[in-house]
Amino acid sequence: MSEADDPLVNGKAPSTEGRDPAYFSYYAMLQHQQQNMLQDTVRTSTYRSAILLNGPLCFHDKLVLDVGAGSGILSYFAVQAGAQKVYAVEASQMAEKMRKLVESANTESEALAKNTFLKDKIEVIQAKIEDPNLPIPQVDTIISEPIGVLLIHERMLESYLYARDTYLKPGGTLFPSTGSIFLAPFSDIALWTETMGKARFWEQSSFYGVDLSALYPDAKDEMFGMPVVGCFDPRTLIAQANPGGYVVDFYTISLEELQDMTIPFIWQASYTGIVHGIAGWFDLHFSPPPSVPSGNTIAMSTGPAAERTHWQQVRFLLKEPLAVNAGQTIQGWMRCVVNEMRSYTIEAEIMVGEGQLTNPTIPLTSIYNLDFNRRRGKWRLHEQTYNYNYYPQSDNLFRPEYNCLYEPEHPIDTTVVVENNFVDDNNQFII
Ligand code: SAH
């Protein structure tokens, strides 16, 4: 790479290639494989159940590919489920560690051998799955854990789809098979005030004699542009997420579709209160393909009401919150476009009550005068900040009104069907 092209030198965001060394050296460490992934028991045991419960149909005597095998845990489950051979592809130095573990089955002395069930079953390949000419045949089943915050962060799903398009036999199995993204409006005055406090530092007109206020708008953009990762109380949601969520079907989605997704939403407020932003999480499903009709579907949720996972949830704060009355409709969209930071740049529009939504392709910069009943926001999914104010064990006395969410005096008529004229039958945005 010439210096002129080097994004680190010329000050531009590093390209995905440029970021890969840092990305893979993170995964090369045992402590990261362990703390964030292996010890996430919800995650690891869901994969194990999905693999073992579908063992006879999708794994027994099958050729399996593990994309981004890490410590190899999913490959070991595949062998336990009866796989004939597993190709365990891992780009980082973790591949060496995996090899050590696999080869512990092959020691000279049988008495010293460990994991003898793995003997001759696993082919460790240290490479990026996208590398050409890898010694991998067409396989019956692909397993992978390519999931980041809000399902899509890290952009490893693209490697998963690459593996699908390059190595999966027609009618083969993909585990996981779908991911569903859920969005819901939340109210959290403490989080919003804390974030605003950080921005207001730059409002000062005499910081050691220097007027910082020219940077106040930039500070607001930056602080509110950081997605807040962490668990939160489900009782701070103002409305229920759309049932089923926005489905990303790994069997059918194209690489192109994955790179620019617009997620529509339409909610009905359960409380009167202030919307401080949009909360997001996802579910994962493991379903055999239609060619294996008698398989078992296993699902896992990372939602605020489910058991905590290392992905937690993520919240996108609005610079200017939005008032809503119980029973009112809130609608809008969230558009996620890939960026060069192995992540996504996200924009959303949220509108209370009647009105026409703006086209998601119109950039935020050209919209200054939104109606009083709608807001736009922009966030960079890689610029994550964390918030751990929620301790589920300690707040049994929590009531929504402590967070300024007020129950309607009369029950809301949830049978009223809200006209949703901006999505097609496949839930794709059509403005
Ligand atoms: N499968 C393991 C590890 C999951 S973490 C488990 O479930 O515990 C994702 C792993 O994929 C990391 O170890 C990372 O180094 C690897 N990875 C990411 N992109 C890759 C690619 N394009 N090719 C090969 N490995 C990749």
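**Close-up views of a predicted model**

**View 1. Strands β1 and β2 run side by side.** Strand β1 (residues 63-67) pairs with strand β2 (residues 85-90) in the parallel sense, over 5 bridges. Two strands count as paired if DSSP finds at least two bridges between them. Strands (E, at least two residues) and helices (H or I, at least four) are DSSP runs, numbered from the N terminus. Within this pair, Asp 66 stands opposite Ala 88 of β2. The model is predicted: local features need pLDDT of at least 70 and side-chain atom pairs count only at pLDDT 80 or more, while totals for chains, interfaces and linings use all residues. Residues are numbered from 1 along each chain as its sequence is written, and side-chain values use heavy atoms, with hydrogens and water left out.

**View 2. The parallel sheet contains 5 strands.** The sheet is open, and its strands follow the order β3-β2-β1-β4-β5. At the edges stand β3 (122-126) and β5 (168-175), each of which pairs on one side only. From one strand to the next, the twist averages 20°. Helix α7 (residues 94-103) lies across β2 and β3 and runs at about 160° to β3. Such angles run from 0 to 180 degrees between N-to-C directions, and axes are lines fitted to C-alpha atoms, for helices over the stretch in contact.

**View 3. An annotated span covers residues 88-115.** UniProt, in an unreviewed entry, lists these residues as "coiled-coil region". UniProt positions are given here in the numbering of this model, feature names are shortened, and annotations may be inferred rather than shown by experiment. In the model, residues 88-115 are 36% helix and 11% strand, and the end C-alpha atoms of the span lie 16 Å apart.

**View 4. Helix α4 packs against helix α6.** Two packed helices are described by the angle between their axes and the distance between the axes. For α4 (residues 41-53) and α6 (residues 73-80), the angle is about 30° and the axes are 9 Å apart. That makes α4 roughly parallel to α6; angles under 35 degrees count as roughly parallel, over 145 as roughly antiparallel, 65 to 115 as roughly perpendicular and the rest as oblique. The crossing of α4 and α6 is right-handed: a crossing is right-handed if the near helix is turned clockwise from the far one by less than a right angle, and left-handed if anticlockwise. Contact (heavy atoms within 4.5 Å) involves Arg 43, Thr 44, Tyr 47, Arg 48, Ile 51 and Leu 52 of α4, together with Ile 73, Leu 74, Phe 77, Ala 78 and Gln 80 of α6. By class, the contact of α4 with α6 has 7 nonpolar, 2 polar and 2 charged residues. Ala, Val, Leu, Ile, Met, Phe, Trp, Tyr, Cys and Pro count as nonpolar, Asp, Glu, Lys and Arg as charged, and the others, Gly among them, as polar.

**View 5. Helices α9 and α10 cross at roughly 145°.** The axes of α9 (residues 189-200) and α10 (residues 216-224) come within 8 Å. The crossing of α9 and α10 is right-handed. On the α9 side, the contact residues include Trp 192 and Met 196, and on the α10 side they include Tyr 216 and Phe 224. The contact of α9 with α10 divides into 7 nonpolar, 1 polar and 3 charged residues.

**View 6. Two loops show particular backbone geometry.** Most residues other than glycine have a negative phi, and most peptide bonds are trans. Glu 154, although not a glycine, has a positive phi of about 90°. This residue lies in the loop between β4 (139-144) and α8 (157-167). A cis peptide bond, with omega of about 5°, joins Phe 175 and Pro 176. Pro 176 is placed in the loop between β5 and β6 (178-186).

**View 7. The antiparallel sheet has 4 strands.** The strand order of this open sheet is β9-β13-β14-β15. Strands β9 (260-268) and β15 (374-380) each have a single partner strand, so one side of each is left without a neighbour in the sheet. The twist averages 15° from one strand to the next. Strand β9 pairs with β13 (residues 329-339) over 9 bridges in the antiparallel sense, and Ile 266 has Gln 331 of β13 as its bridge partner.
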